[in-house]
Structures are given as structure tokens and as C-alpha cells.
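Colleague: Can you take me through this model? I will ask as we go.

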Number of protein chains: 2
Amino acid sequence: MLLCDIGNFSAKIYDNGKISHMSIEALNSYLPTQNIYYINVNSKFSPKSSKFIDIASCFEFDTAYKGLGIDRIAGCYTIENGVVVDAGSAITVDAMLENRHLGGFILPGISSYLKAYEEISPALKIPFNSQIDPNAIPQKTADAVTYGVVMPIILSIKDIAKNQKIFFTGGDGSFFAKFFDNAIFDKNLVFRGMLKAIKQKDLK
Amino acid sequence: MLLCDIGNFSAKIYDNGKISHMSIEALNSYLPTQNIYYINVNSKFSPKSSKFIDIASCFEFDTAYKGLGIDRIAGCYTIENGVVVDAGSAITVDAMLENRHLGGFILPGISSYLKAYEEISPALKIPFNSQIDPNAIPQKTADAVTYGVVMPIILSIKDIAKNQKIFFTGGDGSFFAKFFDNAIFDKNLVFRGMLKAIKQKDLK
């Protein structure tokens with residue numbers, strides 16, 4: 001079974017545990033030979049084949065949140081209790097309690113942060129230092145920027161998670177997971193949610 | 001005495017307690033009739049008059065930080081103990097202990113954050129809600145974005161400040177100050193530092 005998670009900048013395709021990436025443009029001209037069950041947050045996605053099947057309506061999700069992205073719903077869909085962090089082009093943070101969604105917030109993704117610094121001043125155009133120690137006060141501009149990206153993200157996730165489990169997914173998920181004792185990294189979290197929704201609806 | 005603090009996007013002029021703003025372009029063609037003592041972090045600043053006097057060398061500042069911006073030095077220059085937050089186009093956070101600078105970090109400013117969200121997705125183009133309650137988990141996208149801007153900034157300042165006094169300055173300084181019990185807002189903090197440096201060097 002083929003699944004597709006269409007994000008803000010590209011699409012991820014899941015083929016029985018194997019993940020590949022595709023641009024939105026490539027996806028728009030793609031003519032699959034079997035059904036592709038997808039979720040989509042990108043207005044530029046415009047499939048040319050009836051084999052693309054939108055499964056958004058398959059999710060039965062308990063939340064009071066207005067306008068929650070279908071990717072966030074899918075990421076939370078298999079989580080009973082804890083916090084879900086999807087760290088990609090944006091970083092979404094959602095709290096779950098007894099299969100109910102309590103709310104959540106959105107942070108810019110790492111590359112988005114770095115671009116923001118660069119636009120403030122050429123002096124702040126800094127390559128990201130993934131070896132940063134968030135417990136040391138920075139003593140140079142490069143560290144001051146990396147700390148300014150990483151530390152606020154860590155602290156705001158800690159603040160909402162308290163001692164609960166934190167489920168990380170997305171391209172930068174494993175990077176952030178290492179700063180937390182109670183972290184679980186699952187690169188397939190969104191696809192796992194999609195599979196659950198499909199199974200519930202008994203799609204073929 | 002005229003002072004001028006030349007930032008990333010514009011300049012602030014201090015005339016005996018009165019503050020006015022000027023674009024870098026306007027400043028570059030400005031021909032003052034009296035001396036203007038300035039600090040500058042903007043490579044586009046190119047004065048046409050010898051009445052512009054760079055006072056960067058007047059600061060004697062104890063720090064191990066490499067490449068600390070002169071605006072951050074000036075902001076810290078009158079602070080013996082505590083944390084200095086200059087919330088403008090960037091938000092700089094610096095820790096002082098017994099007149100010694102311990103280090104600091106840099107966050108994007110509010111408008112920079114909002115632009116970053118907008119570039120991730122049109123769905124995240126959100127007007128800033130200055131009435132946000134940072135203690136409530138957001139229940140809609142507009143709040144999820146505002147919370148994502150404000151909460152990480154608050155938490156990272158709290159984390160470095162612990163129970164020390166926090167001195168806020170800059171365009172968004174008074175907005176952030178209200179989230180802290182131990183906050184002091186001083187819109188003239190940088191100019192106060194400049195005046196101290198000038199006095200020490202006995203410039204006329």
C-alpha cells in the first residue's frame with residue numbers, strides 16, 4: 001500500500017516501510033499504477049490521476065482546536081498520552097491526553113530560523129552548529145545564533161511536556177530528541193497515523 | 001548632546017532625552033550642525049560629515065565574547081548584575097555579573113518571526129495577537145503562531161535570568177517586560193550606556 005504525506009515544501013511517499021521524497025511538481029505529473037492514499041496541506045498539490053485518494057475524512061479526532069492541519073492530526077493519531085513534535089519546515093507541538101488533543105503550537109523550523117537571522121543582518125548568516133551545548137552561555141555570535149534557535153525550542157517543548165513522553169518525528173526530529181530523557185523518535189509517526197485511519201475505515 | 005544608535009534597519013537619535021528615528025539613507029545624507037556621537041552595527045552607514053563621531057572605542061567592557069555588537073555592549077554598560085534584553089529587529093539577551101559580561105544569545109525579533117511563518121505557508125500568515133495568554137495551550141492556528149513566537153522567547157529569557165533582574169529595552173521591550181515579575185523597562189538603556197562611555201572619556 002502506498003501512502004503520501006504532502007507537506008509545505010515537498011511530499012514523502014511511504015511504500016511498506018520504505019520512504020522516498022518527491023517535489024510537489026513531480027507529484028502533480030505523477031501517474032501511479034496503484035492507489036496512493038494521501039494527506040495534504042499544500043494548496044499547490046493538484047493530482048492528475050484518480051488513483052490519488054484523500055484520506056482526510058477517515059480521521060476521527062477528538063479536539064477543540066479550530067483548523068488543525070491534517071498532518072498534525074495524523075502525527076497525533078496513534079498517541080494516547082504525551083506530546084507530539086513534528087520537526088520539519090515548521091515545528092508543530094501537540095499535547096494528547098487519553099486520546100484527546102489538548103491543543104498545540106507552531107514554531108518555525110531550523111532552516112526557517114536561520115533564514116530569519118540572515119535577513120536581519122549579514123553578520124547573523126551563520127551555519128548551524130548541531131554540536132551546540134545548550135547548557136553553556138554562548139561566547140561568540142555563531143553560538144549565540146545556534147543557541148537562539150535550539151534553546152527556545154527545547155524549553156517550549158519541555159514546558160508543555162512536563163514529565164510526559166515526547167514523540168518526535170520529521171526531518172529534525174532525531175536532532176531534537178537527543179535533548180530529552182523522555183523522548184521517542186519515530187520517523188514513521190505520521191504514516192502510522194494514516195495506516196490506523198485507513199484500517200479503521202477498512203479501505204482497500 | 002546628540003547621540004545616535006544605528007541599528008540593522010534604522011537609526012535612533014537621542015537629543016537630551018527626546019528620541020527620534022531616521023532611516024539609514026536619511027542619516028547618510030544628513031549634515032548636522034553639532035557633533036553626533038554614534039554607535040553603529042550597519043555596514044550601509046556612510047556619514048558625509050565629520051561631525052559624526054564613532055564612540056565604539058570609548059567602551060571598556062569586560063567580556064570573553066568574541067565579536068559582541070557595540071549596541072549590546074552599550075545596552076549592558078550601565079548594568080552591574082542581571083540580564084539585558086534588547087527587543088528590536090533581533091532580540092539580544094545578555095547576562096551581567098558584577099559588571100562582567102557572562103555571554104548571551106540572539107533571537108529573531110517579532111516581525112522576523114512572523115515573516116518566517118508566512119514563508120513556510122500562506123496558512124501561517126497571521127496578525128500578531130499582543131493579548132495572548134501564554135499560560136493557555138492554543139486552540140486555533142492564530143494563537144498557535146503567536147504562542148510559538150512569544151513563549152519560546154519568554155522561556156529562554158527566564159531560563160538565563162533565574163531570579164535576577166531583567167532590563168528590557170528596544171521597540172518590543174515593554175511588550176515582553178509585562179510577562180516578568182522582575183522586569184525593568186528602560187527605553188533609553190543603550191543611550192545611557194553611551195552617555196556613561198562618553199563621560200568616562202570626557203568627550204565634549
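Modeller: Start with B:Glu98, which sits in the loop between β8 and β9 of chain B. Helices (H or I, at least four residues) and strands (E, at least two) are DSSP runs, numbered from the N terminus. This is a predicted model: local features need pLDDT of at least 70, side-chain atom pairs count only at pLDDT 80 or more, and totals for chains, interfaces and linings use all residues. Residues are numbered from 1 along each chain as its sequence is written, chains are lettered from A and ligands numbered from 1 in the order in which they are written, and side-chain values use heavy atoms, with hydrogens and water left out.

Colleague: Is B:Glu98 buried or exposed?

Modeller: B:Glu98 counts as exposed, at 61% relative accessibility. The cut-offs are under 20% relative accessible area for buried, over 50% for exposed, and partly exposed in between (1.4 Å probe, protein chains only). B:Glu98 also has a positive phi of about 50 degrees, although it is not a glycine. Most residues other than glycine have a negative phi.

Colleague: And what is phi at A:Asn99?

Modeller: Near 65 degrees, a positive value in a residue other than glycine. A:Asn99 is in the loop between β8 and β9 of chain A and is partly exposed, with a relative accessible area of 41%.

Colleague: Now the interface. How many residues of chain A are in contact with chain B?

Modeller: 41 residues of chain A are in contact with 41 residues of chain B, contact being heavy atoms within 4.5 Å. The buried area is about 3,400 Å², with 62% given by carbon and sulfur atoms. That area is the accessible area (1.4 Å probe) that two parts lose on being put together, summed over both. A:Ile106, A:Ile120 and A:Gln139 supply 19% of what chain A buries against chain B, more than any other three residues.

Colleague: How many salt bridges across it?

Modeller: The rule finds two between chain A and chain B, taking a side-chain nitrogen of Lys or Arg within 4 Å of a carboxyl oxygen of Asp or Glu. A:Lys115 forms a salt bridge with B:Glu119, where the closest N and O atoms are 2.8 Å apart.

Colleague: Which elements of chain A supply that side?

Modeller: β8 (90-97), β9 (100-108), α3 (110-120) and α4 (141-161) of chain A each supply at least two residues. The largest share, 11 residues, comes from α4(A).

Colleague: What covers the buried residues of α3(A)?

Modeller: The cover includes β9, α4 and α5 (173-177) of chain A, together with β8 (90-97), β9 (100-108) and α3 (110-120) of chain B. Among the buried residues of α3(A) are A:Tyr113, A:Tyr117 and A:Ile120.

Colleague: Different spot. Where is B:Arg192?

Modeller: In helix α6 (residues 189-201) of chain B. B:Arg192 is partly exposed, with a relative accessible area of 40%. Leaving aside neighbours within four places in sequence, B:Arg192 is in contact with B:Thr78 and B:Asp186.

Colleague: What about B:Asp186, buried or exposed?

Modeller: B:Asp186 is buried, with a relative accessible area of 15%. B:Asp186 lies in the loop between β11 (183-185) and α6 of chain B. A polar atom of the B:Asp186 side chain lies 2.9 Å from the backbone nitrogen of B:Asn188.

How values were computed
A polar contact is a pair of N or O atoms within 3.5 Å; within protein, one must be able to donate a hydrogen and the other to accept it, and residues adjacent in sequence count only if both atoms are side-chain atoms.
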